[in-house]
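Open the model in your viewer and keep the sequence panel beside it. Each stop below says what to select and what is there.

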Amino acid sequence: MLKLFYITNNPDVAKIAQAAGVDRIFVDMEYIGKDERQPNMDTVKNHHTVEDIINLRKVLDKSELMVRINPINENSGDEIESVIHAGADIIMLPMWKCVDEVKQFYQIVNGRVKTVLLLETDDAVNCIDEVLDLKDVEEIHIGLNDLHLSQGKKFLFELLTDGTVDYLADKFNSKDITFGFGGVGRVFQDIPTNLPAENIIAEHYRLGSSMVILSRAFCNTSKIKDLSEIKKIFEEGLMQNRSYEKEIENKDASFFEMKHKETERIIQQIVSKI
């Protein structure tokens with residue numbers, strides 16, 4: 001089963017997600033450079049804080065607490081110290097562009113908590129062999145949104161059909177590095193402008209991915225405020241998604257190749273309309 005992340009700083013929502021089976025609650029403290037990279041885009045720009053980590057730590061006893069910090073900068077030492085002290089189980093480093101930034105991150109963390117590298121730049125792709133030679137690498141998540149922007153693509157899931165994710169997955173699998181990519185909504189939801197969740201999940205299984213973020217398409221708490229409705233969405237949505245995973249987990253290579261070709265056709269149709 002895929003390890004599931006959900007981004008929230010709301011303790012009540014976090015408790016619901018945890019009870020439904022979400023593996024990691026994701027606090028997002030990254031803000032440096034985000035507005036410049038994603039101007040006029042309907043993307044999530046959170047401004048979570050150390051106080052949010054402290055509040056979530058009080059209610060989480062099953063799900064891990066993961067925190068995305070800012071890219072490496074002059075204040076990274078203090079930021080990482082505060083995040084660890086507040087109770088983070090895992091720290092995610094975004095927007096790294098060279099092996100030296102990754103080394104600096106690992107030196108500051110110094111093995112005190114788990115780590116995830118968020119690969120989301122062309123520079124990171126170009127230095128991936130150097131990074132994978134580091135002994136500290138535990139997990140890598142491919143950030144399709146910023147990565148597709150850095151490559152000048154129109155749609156984030158184009159990276160599933162242009163060879164980018166396949167290339168990186170082969171690298172990670174050869175080094176036995178746990179990895180994931182992108183986000184996913186609920187299966188069997190007919191949203192014409194989106195790539196169906198069942199196709200995305202099938203791509204994870206085809207590529208050997210282990211992790212995915214539950215996206216706003218799964219449960220958008222900026223629009224849905226009623227906790228009972230949120231609880232229903234998580235319980236029903238996770239049951240449906242997990243059921244689909246069980247349905248496909250033992251399929252042979254021909255099934256995943258067929259789904260991949262279907263995914264290519266859908267992505268081409270979406271891109272043609274952008």
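Two strands pair if DSSP finds at least two bridges between them. Helices (H or I, at least four residues) and strands (E, at least two) are DSSP runs, numbered from the N terminus. The model is predicted, so to speak of a local feature requires pLDDT of at least 70, side-chain atom pairs count only at pLDDT 80 or more, and totals for chains, interfaces and linings use all residues. Residues are numbered from 1 along each chain as its sequence is written, and side-chain values use heavy atoms, with hydrogens and water left out.

**Stop 1: strand β8**

Select residues 211-214, which form β8. β7 pairs with β8 in the parallel sense, over three bridges. Within that pairing, Val184 has Leu214 of β8 as its bridge partner.

Show the side chains of β8. Which residues point one way from β8, and which the other way? Met211 and Ile213 point one way, Val212 and Leu214 point the other way, and all are buried. Buried means under 20% relative accessible area, exposed means over 50%, and partly exposed lies in between (1.4 Å probe, protein chains only). In a regular strand the side chains alternate between the two faces of the sheet.

**Stop 2: strand β4**

Select residues 90-93, strand β4. Both of its faces are covered: Ile90 and Met92 are buried on one side, Ile91 and Leu93 on the other. Strand β3 (residues 64-68) runs parallel to β4 and is joined to it by three bridges. Find Val67, which stands opposite Ile91.

Strand β5 (residues 114-119) also pairs with β4 in the parallel sense, over four bridges. Met92 stands opposite Val116 of β5. From β4 the chain crosses through helix α5 (residues 99-109) to β5, and this β-α-β crossover is right-handed. Right-handed means that, with the strands pointing away from the viewer, the path from the first strand over the helix to the second runs clockwise. Another right-handed β-α-β unit is made by β3, helix α4 (residues 76-86) and β4.

**Stop 3: helix α1**

Select residues 11-20, helix α1. Its buried residues are Val13, Ala14, Ile16, Ala17 and Gln18. What covers them includes β1 (3-7), β2 (24-28), α3 (50-57) and α11 (227-248). At the start of α1, look for a side-chain oxygen of Asn10, which reaches to within 2.8 Å of the backbone nitrogen of Asp12. Just after the helix, Gly21 takes a positive phi of about 115 degrees.

**Stop 4: helix α11**

Select α11, which has 22 residues. From its first C-alpha to its last it reaches 31 Å, close to the 32 Å expected at 1.5 Å a residue. The expected span is 1.5 Å times one less than the number of residues. Where do the buried residues of α11 fall, seen down its axis? They fall within an arc of 155 degrees, so they line one face of the helix. The arc is that of the directions from the helix axis to the C-beta atoms. Among these buried residues are Ile230, Phe234, Leu238 and Tyr244. They pack against β1, α1, α10, β8 and α12. The face turned away from the buried side carries the exposed residues Ser228, Met239, Lys246 and Glu247.

**Stop 5**

Select Leu207 in helix α10 (residues 197-207). Leu207 counts as buried because its relative accessibility is 6%. Not counting residues up to four places away in sequence, Leu207 touches Leu160, Val165, Asp166, Ala169, Asn173, Phe179 and Phe181. Contact here means heavy atoms within 4.5 Å.

Next select His260, in helix α12 (residues 253-272). At 9% relative accessibility, His260 also counts as buried. Leaving aside neighbours within four places in sequence, His260 is in contact with Leu160, Glu203 and Arg206.

**Stop 6: two loop residues**

Most residues other than glycine have a negative phi. Select Asp176, in the loop between α9 (164-174) and β7 (178-184). Phi of Asp176 is positive, near 60 degrees. Is Asp176 buried or exposed? Asp176 counts as exposed because its relative accessibility is 72%.

Finish at Phe188, in the loop between β7 and α10. Phe188 is not a glycine, yet has a positive phi of about 60 degrees. At 55% relative accessibility, Phe188 counts as exposed.

Methods:
A polar contact is a pair of N or O atoms within 3.5 Å; within protein, one must be able to donate a hydrogen and the other to accept it, and residues adjacent in sequence count only if both atoms are side-chain atoms.
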